[in-house]
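Please read them with the structure open.

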Amino acid sequence: MNGPAHILRTAWRALLQHAGNVARSSGREAIGWLLGFYVGGEPYVLDAHPATRYKHQSRYGAIADPMEEAEIVMRYPRNVGIVGLYHSHPFKDDTRHAIFHSATDDATLTSRASRRENFVSVVTDGRSAECFVLRDGFPAPVTPAIVETLSMAGHLKRYTTSVAPSFSLKVSEANAAGVVAALEKKVSADLDRAVRSASVGRGTVELDGLGAGAIRNRLVIQRDDDAHRVELSLRLDPTVFVAGSDEDEVLLATRNEILDDVLFLLWRGFDASAVDLAGVERFEANLGSLSVHETTPLPKKVYRAPKRATVLRRRA
Ligand SMILES: [Zn+2]
């Protein structure tokens, strides 16, 4: 990363305002996420999302509910989403230098930066703020380039694809968690095969062998002698956003996005921890659907729940 952290002014203003409001109303620390993408390792921040659920929140420290972060991650397509964290030190009146990176802040940044280089950490006192990224194991201040306009379209290219595959397998044990694990393995293998002969066009990706004509997302588990037959049919139109036009990168993003979608739909539509398949003759789960909405400043994934979720028939 040679350049600065690029931050849209509206996002910068939003985080300052959030931290300032929380400090004024409760005197406590505020946390939030920085949303955007990376281009050539440089972070672009287009939006700020304040944490709404805390595990702990005081004047000298706060921990956000990790579930909220997981939900945010799932709301964005590949290569878009959380690029940093911000938090406040609401003790401007006690000290002249409230903006610094504490040992706790260092530990948080170190763990994040191990997963994503140039993960941004912003510390604010509610009035001004500073940006840090990890350099050689230490937090280094970086200059935020606050810009008036910043759009995703100017930096990332959009690629769409359409697939309608069916996956079929047999499991000997009627165990719901085992079904999900077996499906994940099967879907991954089929995706890897499809990607090998895929082609990337202008804004589109063609994946061979993943178009069996399914019209909706559905999971059916049926008894078949001593085993269970599992059929997963999907109708997906994933969209990914990639910097540059490297084919391998586009294909990898598409592959991973499809797998993300499959796992998300299974998680939402088929709660493996709640479904007991013992004695079940036929189980059918409508999994709902996912689509990418091109909202500003960032696109979002929207999940639509099915009208009728599951139908289960046990042995008489
Ligand atoms: Zn701190």
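The points below go from the whole chain to its parts.

1. Overall make-up. This is a predicted model. The protein chain has 5 helices and 21 strands. Its C-alpha atoms fill a box of roughly 75 × 45 × 35 Å along the principal axes. Of the 316 residues, 33% count as buried. Take the contacts with a separation of 6 or more: 68% of them join residues 24 or more positions apart.

2. Domains. The domain assignment gives domain 1 as 5-154 and domain 2 as 157-314. Their C-alpha centres lie 33 Å apart. The contact between them takes 15 residues from domain 1 and 15 residues from domain 2. On the domain 1 side, β2 and β3 are the elements that give two or more residues. The largest share on that side comes from β2, with 3 residues. By class, the domain 1 side has 10 nonpolar, 2 polar and 3 charged residues.

3. The open sheet. What is the strand order in the open sheet of 8 strands? Reading across, the order is β9-β8-β7-β6-β2-β3-β1-β10, and the pairing is mixed. The edges are β9 (138-142) and β10 (144-147). Each has a single partner strand, so one side of each is left without a neighbour in the sheet. Neighbouring strands are turned by 35° against each other on average, direction ignored.

4. Strand β7 covers residues 120-124 and strand β8 covers residues 129-135. The two pair in the antiparallel sense over 4 bridges.

5. Ala64. Is this residue buried or exposed? Ala64 has 21 other C-beta atoms within 10 Å. The cut-off for buried is 20 or more, so Ala64 counts as buried. Ala64 is found in strand β5 (residues 61-64). Leave aside the neighbours within four places in sequence, and Ala64 is in contact with Ile31, Ala51, Arg53, Tyr54 and Glu69. Ile31 is 33 residues from Ala64 in sequence, yet the two are 6.9 Å apart in space, C-alpha to C-alpha.

6. Strand β15 spans residues 218-224, and strand β16 spans residues 227-233. They pair in the antiparallel sense over 7 bridges. Arg223 stands opposite His228 in β16. The hairpin has 2 residues between the strands. Asp225 takes a positive phi near 55° there.

7. Arg218 stands opposite Asn286, and Leu219 stands opposite Ala285. Strand β18 is in turn joined to strand β21 (residues 310-314), again by 5 bridges and again antiparallel. Here Glu284 has Val311 of β21 as its bridge partner.

8. Helix α5. This helix runs over residues 247-269 and has 23 residues. From first C-alpha to last, α5 reaches 33 Å, close to the 33 Å expected at 1.5 Å a residue. Which residues of α5 are buried? They are Val250, Leu251, Ala253, Thr254, Arg255, Glu257, Ile258, Asp261, Val262, Leu265, Leu266 and Gly269.

Methods. Residues are numbered from 1 along each chain as its sequence is written. This is a predicted model: local features need pLDDT of at least 70, side-chain atom pairs count only at pLDDT 80 or more; totals for chains, interfaces and linings use all residues. The expected span of a helix is 1.5 Å times one less than its number of residues. A residue is buried if 20 or more other C-beta atoms lie within 10 Å of its own, exposed if 12 or fewer, and partly exposed in between; C-beta atoms are placed from the backbone. Two strands pair if DSSP finds at least two bridges between them. Axes are lines fitted to C-alpha atoms, for helices over the stretch in contact, and angles run from 0 to 180 degrees between N-to-C directions. Two residues are in contact if their C-beta atoms, placed from the backbone, lie within 7 Å. Domain bounds come from an automatic or database domain assignment. Ala, Val, Leu, Ile, Met, Phe, Trp, Tyr, Cys and Pro count as nonpolar, Asp, Glu, Lys and Arg as charged, and the others, Gly among them, as polar.
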